[in-house]
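Please examine the sequence and the structure shown below.

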Amino acid sequence: MRLIHTIAVSALTIAASITIASAQTGPVATACKDDIAKLCAGKAHDGEVRICLETNYDKVAAACKTALDTTGGGHGKGLGMGR
């Protein structure tokens, strides 16, 4: 039983690592890297970062604006900010 528990925990840890890594390497994370560090430090990569970037849209770099406008829920609609 202990072996099964160890395997299950390991599998969940690997799955979580993959999810976190992929969430931080997409087009917005790449194009907005500097803006995230400057404007959204400490925000979770589960949607908080995108909301932060869209809230600060007028302050982000042109490449970041393009990434925000061309990705997300319905491409350009982000997480409900309604651009």
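This is a predicted model: local features need pLDDT of at least 70, side-chain atom pairs count only at pLDDT 80 or more; totals for chains, interfaces and linings use all residues.

Residues are numbered from 1 along each chain as its sequence is written, and side-chain values use heavy atoms, with hydrogens and water left out.

The protein chain contains 5 helices and 0 strands; here helices (H or I, at least four residues) and strands (E, at least two) are DSSP runs, numbered from the N terminus. Of its 83 residues, 25% are buried, meaning under 20% relative accessible area with a 1.4 Å probe, where over 50% is exposed, values in between are partly exposed, and protein chains only are considered.

Confidence is expressed as pLDDT, the predictor's confidence in each residue, from 0 to 100. The protein chain averages 77, and 59% of the residues score at least 70. Helix 1 (residues 2-23) has the lowest confidence, with a mean of 52, whereas helix 3 has the highest, at 97. Over residues 15-22 the pLDDT stays under 50, and the model has 0 contacts beyond four places in sequence for them; a contact means heavy atoms within 4.5 Å.

The whole structure holds 2 disulfides, each defined as a pair of cysteine sulfur atoms within 2.5 Å. One is formed by Cys32 and Cys64, with sulfur atoms 2.0 Å apart. Because Cys32 lies in the loop between helix 2 and helix 3 and Cys64 in helix 5, this pair ties together parts that are 32 residues apart in sequence. The other joins Cys40 to Cys52, at 2.1 Å from S to S. Cys40 lies in the loop between helix 3 and helix 4 and Cys52 in helix 4, so this pair links parts 12 residues apart in sequence. Cys32 and Cys64 are buried, and Cys40 and Cys52 are both buried as well. With bonded cysteines counted along the chain, the pattern is 1-4, 2-3.

Cys52 also belongs to the buried residues of helix 4 (residues 48-55), which are Val49, Arg50, Cys52, Leu53 and Glu54. Their cover includes helix 2 (27-31), helix 3 (33-39) and helix 5 (62-70).

Within helix 3 is Ile36, which counts as buried because its relative accessibility is 12%. Not counting residues up to four places away in sequence, Ile36 touches Val28, Ala29, Ala41, Val49 and Leu53.
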